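Hi,

Here is the structure I said I'd pass on. Have a look at it first, and then read my notes below.

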Amino acid sequence: MKLTNYYITLVLSLVLLSACNSSKNEVAPDYNFMKVYDNADVGINYYPVDALETSDGSIVVLSALNDIQNTNFPTIHLMKTNSAGVLDWETQIDASYVSPVPGLMLAIDQVRFVCMDDNSFRTKIVSINLSNGELSELGATNESYPLAAHYNSENQSTVILSYDAIGTNSVITGLNAGFGQQFSVSTPTNKDFSYDIFQHLKKQRTPFPFFINSFDNSGLYYAVNGFSNYTLSLMMLSHNSGQITGRVNGFQEQGGISATVNKSANQFAIATSKFNVGNVAMGIDATIDVNNTQNVSQLSTVGFAELKAESPVQVIKTTLSNKDMIIYAATTKTNQVALFFFNSESNELIHTRYIGHTNPMEIAAFFKTQDEGLAIIGKTWVAGRYQRIIIHKLAYEQIGF
């Protein structure tokens, strides 16, 4: 089913600091906007899982769709906008491809993602034609139920987290540039998480924060958030050995680390939460030994009571105003998007920025744009009922410090 090109545009009129001059008040619309992409078909619900910016400033959004084609799992929707948020194209993918995972990958001159075959439940790796949204299958693995993916540009490797429902194991697979297997690590969950995983894949529960990222610590490591030994664990895996060297255990399937970015060596900025209860907490400078086992309760964090406990959290490491910064994005209890700006060196919270209030939002992706702004992509609800894609783009001049 082809979506209409109709979208609702809500232009944010944001008040600048009084010290700003008139030239700074004149922010071009492609630098600062909020847009909700609607569809006349009220039976469709969108579940954005990731987004990225391409070399020309376009934004590609990868989403799952609710079951409208009698598939076993949600089908796939892709859309691409220009830098001003105007829709270039959108497409619903062939129903044999289902359940796209977080980890939309910009790989050399391709945009890739990982999904699942609806019949065999095996993992598929595909690329997107940015001109029209058509797909090309690049590779496949024998692992079932993929949950997250990551691409490391330095060695052109792809790492995929999946779930073995028969053996009740989490499986971490590393592929080289030609999609040949470099390593495969299986870690027992010691509990059958199949029901929880299937609910997650079918978009019938608050999503688990499955993710993969990479960092250097006297060698390349991957931080993989998945189930292991009864609990949601952040597992540290060495690229050289292909083995799990350390981990941070959470609270069974009820909570744990929900976002992380490496600052240097064993220092990480993290977010933690117990899903649906308690507070989202942030640890701007948590020490995680990549060669040891820890519990999330041992890490120093501060709770943020204004955030929804079930809110996904995104955290990035970037530079603004010539300062190294850690920025968190999450949804508040009043349905605003909260951005928390920390000085990466001093760990001081130097600014908080709240965006919107009329459209509740669940965040799927957050990144700094090429024009020095910030982009937040996720899902919202039109008329309180119809689940749609939303993009906020915040110009640097509108950040407020």
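Predicted model: local features only at pLDDT ≥ 70, side-chain atom pairs only at ≥ 80, totals over all residues.

Let's begin with strand 14, which covers residues 169-175. Seven of its seven residues are buried, so the strand is largely enclosed by the rest of the structure. In a regular strand, side chains alternate between the two faces of the sheet. Here, both faces are covered: Asn169, Val171, Thr173 and Leu175 are buried on one side, and Ser170, Ile172 and Gly174 are buried on the other.

What does strand 14 pair with? One partner is strand 13 (residues 157-164), which runs antiparallel to strand 14 and is joined to it by seven bridges. In that pairing, threonine 158 sits opposite leucine 175. The hairpin of these two strands has four residues between them, and threonine 168 takes a positive phi near 50° there.

Strand 15 (residues 181-188) also pairs with strand 14, again in the antiparallel sense and over seven bridges. Look for valine 171, whose bridge partner in strand 15 is serine 186. This hairpin has five residues between the strands, with phenylalanine 179 at a positive phi near 70°.

How many cavities of 30 Å³ or more does the structure hold? There are two.

Happy browsing!

Notes
Residues numbered from 1 in each chain as written. Heavy atoms only, no water. Buried < 20%, exposed > 50% of the residue type's maximum accessible area, 1.4 Å probe, protein only. Pairing = 2+ DSSP bridges. 1 Å grid on protein atoms, 1.4 Å probe; cavity = no way out; pocket = protein on both sides within 12 Å on 5 of 7 lines; lining within 4 Å. Points joined across faces, edges and corners; volume = space filled by probe spheres on them.
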